Structures are given as structure tokens and as C-alpha cells.
Amino acid sequence: MQHPILKIENLSHAYSTAWAIRDINIEITKKGIYGLLGSNGAGKSTTMNIVCGALNQTKGEVYIQGVNIRKNPMEAKSHIGFLPQYAPLYLDLTVSEYLLYTARLRGIDGKAAHESVDEVMEKCGVVHMKDRLLKNLSGGYRQRAGIAQSIIHKPALVILDEPTNGLDPVQIVEVRNLIKEIADERTVILSSHILSEIQLLCQEILMIEQGKLVFSDTMDAFNNYVAPQSMLVEFENAPSADVLAAVKGVNRVEKLTPRSFRIFYDGSKLVSETIITESVRKEWRMTQLAIEKNSIDEIFKQLTGHSEKN
Ligand SMILES: Nc1ncnc2c1ncn2[C@@H]1O[C@H](COP(=O)(O)OP(=O)(O)OP(=O)(O)O)[C@@H](O)[C@H]1O
């Protein structure tokens, strides 16, 4: 029987007395990029540290390719690569020395270790930096070296904790592309508290809030769920709020200034299209229309309520 790549069963963890995560259940059976989204302190790092065997859970079980991480940590860990939030880089080693060291830690020796190092350096675009000390690398290249060590033993599952944190915009794009490439051959779970990061990279999304899994589905399902619900509009020759409220799909209108309004609606594109058409027809002279995306806090609130109802 084919085992799931990752199975998390009723996972809970308490640091001293407070629960950091409660009853988390996750099953991943396919390759691809899974986003673990949650605000600061939601429980992402706790979950990932347990999955990687870096922290012993209080309750529940974690299986990697069917292997229980608590009972058979060595075997389970051979299927996982991990890049923690603060990459464990030995700054006085060169890129190739560091990767050779991590290959040996993973039990790869001799010629095979050198071959693995060459392969991951090529894959992660650090060949031209191989003799440079890690401390002399930019943040983006350090992160590439960190990702390279996470795949040196060709694991089925790679876990990346906030992999683009602290990088500049160019480095962020480069690291994202690298993550997409390494996900061609395996399952990648990456954590972030930035929704747009997860939306850009991931096909599936797992959301944790206050230690609980509040959403687990495809990115398409998530995007439908969090369709924009409000827009800001401004006119030179504004109609009354009642006129805007009468547009089909509009739930409520808030008058912000004599010329501007926040319109709460059902998320349908038809609403903005109707308002634009009416503005032209009735000469309201629209000067602004901005669709407002839900903030991550609002989404968390909705989802936390949603999970309690279900
Ligand atoms: N070593 C620890 N001792 C006590 N409490 C901890 C410890 N590590 C985390 N916590 C607490 O557990 C909860 C979950 O923290 P965790 O670091 O897992 O969240 P996170 O989602 O990864 O947040 P961040 O994005 O800020 O890293 C928080 O309330 C945090 O304060």
C-alpha cells in the first residue's frame, strides 16, 4: 500500500502549560507546494519542528512515508529535508564544504557525497559561489545554500520555514523560482505569515490560527472563499448612498466623504462593472475604484468562526 507522504494525527503540543497547537490533522498524498499560513505565534514553527523531529510532541502522531517520527526518527528523518527559519549555516565554511558536511551528516559518504554536492549546487544555482565562505554571501545566496542542504539526500518531503523572510525583492523572486523547481520532484511545505507569498507559490493551503488548523484545501477553493468583499469608490459628481446600495449584489454602503464610499458587496465582478457603467451613463464622473482585499486578520477571523461552526 502507498503511504501518504505526510500524515499528522491529532497533533497537540504544550510548552509548559499553554497549548501551542491543538488537535491538528493533515494528510498529504501528492507532490506540489503546500503553504502553511498563520499569523505570528499561530503555531507554524511548532508544527514544523515536530514534523521534522526537532521537537517532541505532547500528543498525537506524525508519519513520514508511513514511518512514525517518534518511534523511528532516523528512518522518518531520511525522508525529510528541513530549512528552519534561521538557517543553520556554518559561516566559516565555504558553500561546498558546508554541503559536503551536511551530506555526510545525512550518511552519504565518499564519491556519492561529492556527487550529491555537485548536483545540489547546480540545482540551486550556487556553483559559481562554491569556494566562497558562507559569511561572505548575500542573504539570497545563503538561503540557496540552506535550500541545497535540505535536498542533499533527495528527500520526498522538504519543509521550509519562512524561506523568503528578510530577503530583498529580487532575492525573493529568485528563491521562489528555486522553490518551484525543487517542488517538481517532491512535496514542499513552506510556512509564511504573508498570504500573497502563499498564493503565488502554493497549490494547496493549510491555515493555522491560535494553534488550530482552520482551513485545508486547494488554493482555488481558498481564493473563492476569500473573494474580495468591499471596494472604495470616489466620484466628482457622486450619487446618493441609497442609489449605490440599490445596485444588485451590494449589501451595504458606507459614506466616507461627500464624494467617496466603501461598498460592501457579494464579491461578484458584476457589481463593479455595473457601477462603472452607471457612472458613465449618469455622469457621476468616477475618479477612483479600488477593490479591497480582505486582510489576513479578517480572513483568520472569518475562518476561525467558520471552523467553529463546522
Ligand atoms: N520554546 C517555547 N516556549 C514557550 N512557548 C513557546 C515556545 N515556542 C513557541 N512558543 C509559543 O507557542 C505558540 C506558537 O508559536 P510558534 O513559534 O509555533 O508560532 P509561529 O506560527 O511559528 O509564529 P512565528 O511566525 O512568529 O514564528 C506561541 O504562543 C509562542 O509564544
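Axes here are lines fitted to C-alpha atoms, for helices over the stretch in contact, and angles between N-to-C directions run from 0 to 180 degrees. The model is predicted.

**Exercise 1.** State which strands helix α5 lies across, and give its angle to β6.

Solution. Take helix α5, residues 139-150. The strands under this helix are β6 and β7. With β6, the direction of α5 makes an angle of about 160 degrees.

**Exercise 2.** Give the strand order of the six-stranded open sheet, and explain why one side of β6 and of β10 has no neighbour in the sheet.

Solution. Reading across the open sheet, the order is β6-β7-β8-β3-β9-β10, with mixed pairing. Strands β6 (80-83) and β10 (212-218) are at the edges and have a single partner strand each, so one side of each lacks a neighbour in the sheet. From one strand to the next, the twist averages 15 degrees.

**Exercise 3.** Identify the partners of β1 in β4 and β2, and describe the turn of the hairpin.

Solution. Begin with β4 (residues 59-64), which pairs antiparallel with β1 (residues 6-15) over five bridges. Here I64 of β4 faces L6. Next, β2 (residues 18-28) runs antiparallel to β1, joined by seven bridges, and A18 of β2 stands opposite Y15. Finally, two residues separate β1 and β2 in their hairpin, and S16 in the turn has a positive phi of about 45 degrees.

Note on methods:
Residues are numbered from 1 along each chain as its sequence is written. This is a predicted model: local features need pLDDT of at least 70, side-chain atom pairs count only at pLDDT 80 or more; totals for chains, interfaces and linings use all residues. Two strands pair if DSSP finds at least two bridges between them. Helices (H or I, at least four residues) and strands (E, at least two) are DSSP runs, numbered from the N terminus. Two residues are in contact if their C-beta atoms, placed from the backbone, lie within 7 Å.
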